[in-house]
Structures are given as structure tokens and as C-alpha cells.
Amino acid sequence: MICIQNLSFSYPDQEPVLKNIDLNIAEGDYIAVIGPNGSGKTTLIKHLNALLLPSAGEVLVDGLSTSNPKNLPEIRRRVGMIFQNPDNQIVGMSVEEDVAFGPGNLGLPPKEVRKRVDEALEKVGLTNYKSRPPYTLSGGQKQLLAIAGVLAMDSRYIVLDEPTASLDPQSNYKVLNLLKKLNYEGIGIIHVTHNMDDLIIANRLLVMDQGKLITDGPAADILSQVESLKAIGLTPPKVTELMYCLNQRGAAVATNICTVEEAVEEINSLLIKLQNPVDHNRRETEHV
Amino acid sequence: MYNPGYYLDRQSPVHKLDPRTKIITVIALSISIMQLDHTGLLIIALLLLTCSQAAHIPVVSWLKTLQPILPFFLFLFLIYIFTTPGDPLITIGPINISDQGIYMGFTQVFRFILLILTASILTMSTSSAEITMGLERLLHPVKIIGLSSQDIAMMVSLALRFVPTLIEEMNHIKEAQLSRNCNFNTRGIRGKIRNVTYLSLPLAVNLFRRCDELVNAMEARGYNKGPRTYMRDLAFAPIDFCIISIFVAGTGLCLIL
């Protein structure tokens, strides 16, 4: 559990970037964080592994306060972080050496480091690339490599700052799929993103604006509030907006829908109702 | 991307040596090369050829590491020819070319060729990670003067790691400037200097931002003052001791004679 209690943060002599944030993150959570540029998303997540320290309030990672320098190595082991530009987080001269950087910093014996590197590369599917220099990898593979680096440290939480911003759709899909799998295995995921289509797999959505946490709840519910999202300059997923517009025009469809499959299902059942208003109940049971 | 002198992944006896052994040997050889005369240099050349073959390095790619430095060799040769005093062989106006000059020119260039070929065997048979690991251990005593060999090795390793990234970035910047009608084919020193600033200023600005992110990433991955470990550990085998003693003794001999 990561507990954020009344967190405020400001750079010296400047307006506060974060204002009174309270938040609990459980180990199995998959949280997406959205918000316009400058809303404090990146500043917030940098508090989760003590890259930044609170000006007021406290951040506790599994009970360890980030303000205590003695806790730093353990906090950074527990909370892994992936940045937007994969090139600037790779330090090794080969794929496997980069994965070994984290466990090496923990001072593990060479045998254990070797074992963890092999396991992590296996998990992200980069075993065949292990002796390649990192600059020969594609953008998506570099992000997978960064995730392997975190996995090798046996982290409980993975924090990602727009990891898919510069990826092609196929790599994007691969990275999201891996995150889903890791979350299923019990790793907490905190995913900052601008891409609304990335949110669908999250079970919890945080919306930030002007340094405040303005909404916290199930992703589908929040995304369906199309008007309030637009008010702070965010665009909901296309499908959700479509359903919202249909609903506004008077069609009897639900608006808390984020995937194409759900939308097809919903529109189809509406069509059936319209075609045969009397016995749609019977038809629907046949359909199932 | 083709890199002369880049690591070749082979299974050879030279690859298997401890990187520290190879680094010490290279230093010993370099000292000998600076001391010896032409006969000695020929012997060293043969020795290097044997070593490169033992390391399964193809002769052609080995010699190709000299390619980028050829203009320097020519420059060095000319300097020695024109500046060494001695019995004039050819006189063109005030310039004297002497026997001694030609001899000095050839031996000096030969020396530099051998130095580079020696270093190439090291870099082609040792991965950069091994080299930094070896350096870290060899430099361990610098902690007496308050430096950390771990940090030095990390710096070297990061520098090597970012060379290809920076080349790529340089090309991006060049393309961006070209697409804005910047002309890189200007003649004359002034134009050339201006071109360099068009490339290096954005590169430098980007570098600082990159460093900032890199520091964050390294801290996030737990880099700190404590001792680090690697995937493998270095251990001297008996063969390492033999090689170090032979080469160090050889160098000692060169220094005395």
C-alpha cells in the first residue's frame, strides 16, 4: 500500500505544484492518471519513489516514509519507474547489462543478478536480444527493456510516465499487454498517460487539474462524464464520446462505455429494440 | 552502423582472459612500443599479429581501425621529415629532407600504428562492460585521494553508451537544419564555423536535458554510493598471472636496455 497523506509540493519561491493530495494505492491496483499539461501528474508520481520529497504532508510506501533518507534504497526497489523517453533511462551497453543495473545497485551476488536478468528478459520477451547494444532496439523494445530493468529489482509497483507516447500502435499494444499481465500477477501499476485508449485496462482513474486531484474512481464512470472532462481540456475516448452524443440526441444507450466491443453490444441491442419493440425481450433471450 | 574497433563476440582464448590482464598488457606493450627501435617494433608487430589471430579477429577489420586516423599519420610523417635535422638528401629552397628525417618519420608513424592496433585488440576482444569493470577494479586505489573508482567506471561506461545515441541525435539536428534551408556546403572558414554552431548548440542544449532525465532514471533504479555488483565477477586464472608477468617483465627489459 502506498499512502499519500495531505501532500503538497512547491519549488522554492513558486506557486505550489501539488495541493493537499490524499491518495491510497493498493498493491494490485491498476491506476491511470490523466490531466492537462502542467496539472502536476509527473510531479505527483515523482513523489512515489522519493525523486521529489513533499513540502508538506507525507508519502508512505508500505509504511516507509519517503522523507527518511534511510528508506531510499528499499523504496526505490519497491517502486520502479519508467520514463517517457526510453533512450534516457538506458545505462547499459548491452540489453542484459542494462537489466543488471538495478539488481547490481542492490548489491546482489553475481549469480543472483544473472538469474534475475534472465528471468526479467524472459518475461518481457527480449531474451533473443540480450547481447545486442540497446541503440539497435526499436522504441517499443526499449520500453520493454526498461520494464525488464524494473522487474529485475522485484518491484511491487511500477510507475510509468507516458511510456507509450512515442510508440507505434503495435508496440503500444505489446507494452499495454505486458502491463496487464504484470498487474494480474499482483504488481500495482500507476500509469500516467495522454492517450485515452490506454485507460481502458485501468480499474481506477485519477483526474488531475491545477495540482489537485479532482476525481478518483472507476475508469468507465469518469470517462462517461464527457462534459466535465472537456471542461478541463481533456478528450474522452472516441467511443465514449460517440455514445454520449447518441445519448444526448435521445437514443437510449448507456454512456459508461469505453471499448468498441461494448459499444457494438449496446448499439446492437438498441437496434433490436427499435426493430421489434414488442418482442425484444424474447429476442434478447434467444441472443444470449 | 559499422564501427571500426567495435567488440566482436567470439569464443577465443583472448576473449576469455580477465579484462584487467588485457588492460595491463596493453599498457605494458604501449610503454615498450615507445621505447623500442625498428627491430623491436617489428617483433612487437609480429607479436600483435599472433595475438589478433588468437583472438579470432579478421586481419582486414583489425587493420580498418587505422582508417579514420590515416590523415594524422600523414601529418606526423611530414612533420618528422621536415623538422628532423641531419644530412640533407633533397633540398627544396629552405627545406631540407634528411636520411634521419625519413627514418624518424617512418618509425614514429609505425609506433602510432602499433599503439592503435594494440588498443584495437583490447576493444575488439573485450566488451565495453568488461573494460569498465576492469577499470573499476584497477582504479580502486584512487579512493586514497578521495575519488570513487565506481563513479569513474560509471562515467566511462555512460560516455561509451551515449556515443551512438548522440550521433543519431546529431543527424536529426542536421536534418532539421537542412529542412529549414541551412546550407552545410559553404566554403571558407567563417561558414564552417557557423555550421558547427548550428549543430553543436542544439546538441549541447539537448545534452543538458538528457543528463537531467538520466540522473532521475539512475536514481530511480537505485544508483547510490554503495558498492555495486555485476552479472559476473572477475577472477584471475593462472594464465592471467603468467601473461601479466611475461609482459611486465618484457617491458622492464625494454626500459633497462
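User: How much area do chain A and chain B bury between them?

Analyst: About 3000 Å², with 53% of it on carbon and sulfur atoms. Buried area here is the accessible area (1.4 Å probe) that two parts lose on being put together, summed over both. This is a predicted model, in which local features need pLDDT of at least 70 and side-chain atom pairs count only at pLDDT 80 or more, while totals for chains, interfaces and linings use all residues. Residues are numbered from 1 along each chain as its sequence is written, chains are lettered from A and ligands numbered from 1 in the order in which they are written, and side-chain values use heavy atoms, with hydrogens and water left out.

User: Which residues of chain A lose the most area to chain B?

Analyst: Asn88(A), Met93(A) and Tyr135(A), which together make up 26% of what that side buries.

User: And how many residues does the contact take from each chain?

Analyst: Chain A gives 35 residues and chain B gives 34 residues. Contact means heavy atoms within 4.5 Å.

User: How many polar contacts and salt bridges are there across it?

Analyst: Eleven residue pairs are in polar contact between chain A and chain B, both residues being at pLDDT 80 or more. A polar contact is a pair of N or O atoms within 3.5 Å; within protein, one must be able to donate a hydrogen and the other to accept it, and residues adjacent in sequence count only if both atoms are side-chain atoms. The rule also finds two salt bridges across the interface. A salt bridge is a side-chain nitrogen of Lys or Arg within 4 Å of a carboxyl oxygen of Asp or Glu. One salt bridge joins the side chains of Arg76(A) and Glu219(B), at 3.6 Å from N to O.

User: Which elements of chain A give two or more residues to that side?

Analyst: Helix H2 (72-78), helix H3 (95-105) and helix H4 (110-124) of chain A. H3(A) gives the most, with ten residues. Helices (H or I, at least four residues) and strands (E, at least two) are DSSP runs, numbered from the N terminus.

User: How do the residues on that side divide?

Analyst: The side of chain A that touches chain B has 17 nonpolar, eleven polar and seven charged residues. Ala, Val, Leu, Ile, Met, Phe, Trp, Tyr, Cys and Pro count as nonpolar, Asp, Glu, Lys and Arg as charged, and the others, Gly among them, as polar.

User: OK, chain A on its own. What is the secondary structure, and what box do the C-alpha atoms fill?

Analyst: Chain A has eleven helices and ten strands. Its C-alpha atoms fill a box of roughly 75 × 50 × 30 Å, taken along the principal axes.

User: What share of chain A counts as buried?

Analyst: 52% of its 288 residues. Buried means under 20% relative accessible area, exposed over 50%, and partly exposed in between (1.4 Å probe, protein chains only).

User: Back to salt bridges. How many are there over all chains?

Analyst: The structure holds 19. Among them is the pair Asp62(A) and Arg78(A), at 2.7 Å from N to O. Asp62(A) is in the loop between strand S4 (56-61) and S5 of chain A and Arg78(A) is in helix H2, so the pair ties together parts that are 16 residues apart in sequence.

User: Are those two buried or partly exposed?

Analyst: Asp62(A) is partly exposed, because its relative accessibility is 25%. Arg78(A) is buried, at 16%.

User: What does Asp87(A) meet in a salt bridge?

Analyst: The side chain of Lys142(A), at 3.1 Å from N to O. Asp87(A) lies in the loop between strand S6 (79-82) and H3, and Lys142(A) lies in helix H5 (residues 139-151), so this pair ties together parts 55 residues apart in sequence. Asp87(A) is buried at 16% relative accessible area, and Lys142(A) is buried at 7%.

User: Last topic: where does Ser65(A) lie, and what does its side chain make a polar contact with?

Analyst: Ser65(A) lies in strand S5 (residues 64-65) of chain A. Its side chain makes a polar contact with the side chain of Glu58(A), at 3.3 Å. Ser65(A) counts as buried because its relative accessibility is 13%. Leaving aside neighbours within four places in sequence, Ser65(A) is in contact with Glu58(A), Val59(A), Leu60(A), Asn71(A) and Ile75(A).
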